[in-house]
Amino acid sequence: MTALILLDPRLHTPMYFLLSQLSLMDLLYISTTVPKMVSNFLSGHKNISFLGCGVQTFFFVTLACSEGLLLASMAYDRFVAICHPLHYPVRMNKIMCLKLILGSWTLSSINSLAHTIYTFQIPYCRSRAINHFYCDIPAMMLLACMDTWVYEDMVFVSAVIFLLMPFLGITVSYGRVLFAVFHMRSKEGRKKAFTTCSTHLTVVIFYYAPFAYTYLRSKNLRSPEEDKILAVFYSILTPMLNPIVYSLRNKEVLGAMRRVFGMFSSRKK
């Protein structure tokens, strides 16, 4: 998806620029957990170094929060495009897109760095076996030999800021968008807008639902096995399915695929 959007000039618009960033984030996001998990599975040695665990935690939290903020930015893009089309070139220019992307990366990196530093200076005097397939902060808190309720509250606050608030923003944006779509006179415009928005909403629900269900619940209501099952959705399945969802349900992307592949095939001839 990232290469396709870069190669096809017709996709050089704010919506697809944000989508290329989402695809890049998904690629990096899935790379923080899956390679190590596969390596452990094939070798039979389920271990990770202290430094490796810290690096994995930092990048996982950074990318998870960045994607949450970027999905909110994409919802804002669709809101402006459909509800305020005349203002779209001004509100969603290249500089604004760059600010939204840099803001997502910067805020998420600062938040992740704070959590990583605090998590890895906590004394761990119990078993060193993390009951998860990656270095998950809540799973690591169970191994601490000090009371971590204050920090767990901070994890909850971070989840509200980077998960719940963007999700509420997305909900409000798409509430306004759906209202505008139903009042469109053009059937073709209504169909195109509905297809684009439904695709984005599908991605949003698959990403936010398991994440929110995991991190916004009290630890007394959570179980390690359930957390691991939910983690498969937001850390593996969603990043893997996002490019497929956006390509198969988008005529412009499918058209770009035909043009780009046709260009390469003609060059070979």
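Start by selecting Leu107, Ser108, Asn111, His115, Tyr118 and Thr119 in helix 6: they meet Tyr151, Met154, Val155, Ser158 and Phe162 of helix 8. Contact here means heavy atoms within 4.5 Å, and helices are DSSP runs (H or I, at least four residues) numbered from the N terminus. By class, this contact holds six nonpolar, five polar and no charged residues. (Ala, Val, Leu, Ile, Met, Phe, Trp, Tyr, Cys and Pro count as nonpolar, Asp, Glu, Lys and Arg as charged, the others, Gly among them, as polar.)

A word on the model: it is predicted, with local features needing pLDDT of at least 70 and side-chain atom pairs pLDDT 80 or more, while totals for chains, interfaces and linings use all residues. Numbering runs from 1 along each chain as its sequence is written, and side-chain values use heavy atoms, leaving out hydrogens and water.

Now show residues 94-119 (helix 6) and 149-182 (helix 8) whole: their axes lie 12 Å apart, at an angle of about 165°. Axes are lines fitted to C-alpha atoms over the stretch in contact, with angles from 0 to 180 degrees between N-to-C directions. So helix 6 is roughly antiparallel to helix 8 (angles over 145 degrees).

Next, the largest pocket, with about 670 Å³ of space. A pocket is an open set of points on a 1 Å grid over the protein atoms alone, where a 1.4 Å probe fits, with protein on both sides within 12 Å along at least five of seven lines; lining residues have an atom within 4 Å of a point. Select Lys46, Asn47, Ile48, Ile130 and His132, the closest to its centre of 24 lining residues. Then colour helix 3, which gives the largest share of the lining, four residues.

Conventions: Grid points are joined across faces, edges and corners, and a volume is the space filled by probe spheres set on the points. Helices (H or I, at least four residues) and strands (E, at least two) are DSSP runs, numbered from the N terminus. Angles under 35 degrees count as roughly parallel, over 145 as roughly antiparallel, 65 to 115 as roughly perpendicular and the rest as oblique.
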